[in-house]
Structures are given as C-alpha cells and as structure tokens.
Amino acid sequence: MLRKINNNYKEKAILFLRVSSKGQEDNYSLDAQEKLAKQYAQQNNLEIVKIWKVSESAWGKKERKNFLEML
C-alpha cells in the first residue's frame, strides 16, 4: 500500500536487524545497522513502519522465533 505524504508516495518497509550472538553486538551493533538502514530508507523514499532488533542464532525454528514472527 502506498501512502501520500507531501505529494510524494512512500512505500512501507520494515527493518529486521540481527546479530547471531551477543558477542557480535560489540563488533557490528544493532544500533549501527539501524542507522544505516534508516539512511537507506530515507534515500529511497521508504516509510519504516516497524523495526525488529534481535540477537538470535539462525539455527533451528525454535531459535528463529523473532524472524518467524516478523514473517
């Protein structure tokens, strides 16, 4: 769905920011990912409607709870 904002149409987007372990948060933080993703959204006229920030492994369905919930 497109939403009219100041005579411009913005497509909606969500951000799914993830590190696979707590240790990775120090080297490639969720906050740094969020900053870059927001810049991308602004440059590409995207309206961010929800942001997911998680630290979870990609192994197995149980551990990917947040990803599956986002889908």
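The following questions and answers go through a predicted model of one protein chain and the terms used to describe it.

User: What are the ground rules for this model?

Analyst: The model is predicted, so local features need pLDDT of at least 70 and side-chain atom pairs count only at pLDDT 80 or more, while totals for chains, interfaces and linings use all residues. Residues are numbered from 1 along each chain as its sequence is written, and side-chain values use heavy atoms, with hydrogens and water left out.

User: How do you know where confidence is lowest and where it is highest in the protein chain?

Analyst: The guide is pLDDT, the predictor's confidence in each residue, from 0 to 100. The chain has a mean of 78, and 66% of its residues reach 70 or more. Strand 1 (residues 2-5) has the lowest confidence, at a mean of 55, and helix 2 the highest, at 93. Where pLDDT is low, the predicted coordinates should not be read in detail.

User: What makes a stretch a helix or a strand, and how many of each does the protein chain have?

Analyst: Both are DSSP runs numbered from the N terminus: helices are H or I runs of at least four residues, and strands are E runs of at least two. The chain has 3 helices and 3 strands. Along the sequence, their pattern is β-β-α-α-β-α.

User: Why is A13 called buried?

Analyst: Buried means under 20% relative accessible area, exposed means over 50%, and partly exposed lies in between (1.4 Å probe, protein chains only). A13 has a relative accessible area of 17%, so A13 is buried. This residue is found in strand 2. In the chain as a whole, buried residues make up 20% of the 71 residues.

User: Which residues is A13 in contact with, leaving aside its neighbours within four places in sequence?

Analyst: Contact means heavy atoms within 4.5 Å. On that basis A13 is in contact with L46, E47, I48, V49 and K50. A13 and A41 are 28 residues apart in sequence, and their C-alpha atoms are 8.0 Å apart in space.

User: What makes a group of residues a nonpolar core, and which residues form the largest one?

Analyst: A nonpolar core is a set of buried Ala, Val, Leu, Ile, Met, Phe, Trp, Tyr and Cys residues joined through side-chain atoms within 4.5 Å. The largest here has 5 residues: L15, L17, V19, L30 and A37. Apart from neighbours within four places in sequence, A37 is in contact with L15 and L17.

User: Which residues of helix 2 are buried, and how do you know whether they line one face?

Analyst: The buried residues of helix 2 are L30, Q33, E34, A37 and A41. Seen down the helix axis, these buried residues fall within an arc of 100 degrees, so they line one face of helix 2. The arc is that of the directions from the helix axis to the C-beta atoms. On the other side of helix 2, D31, K35, Q42 and Q43 are exposed.

User: Is N45 buried, exposed or partly exposed?

Analyst: N45 has a relative accessible area of 29%, so the term is partly exposed. N45 is found in the loop between helix 2 and strand 3 (46-55). Its phi is positive, at about 60 degrees, although N45 is not a glycine.
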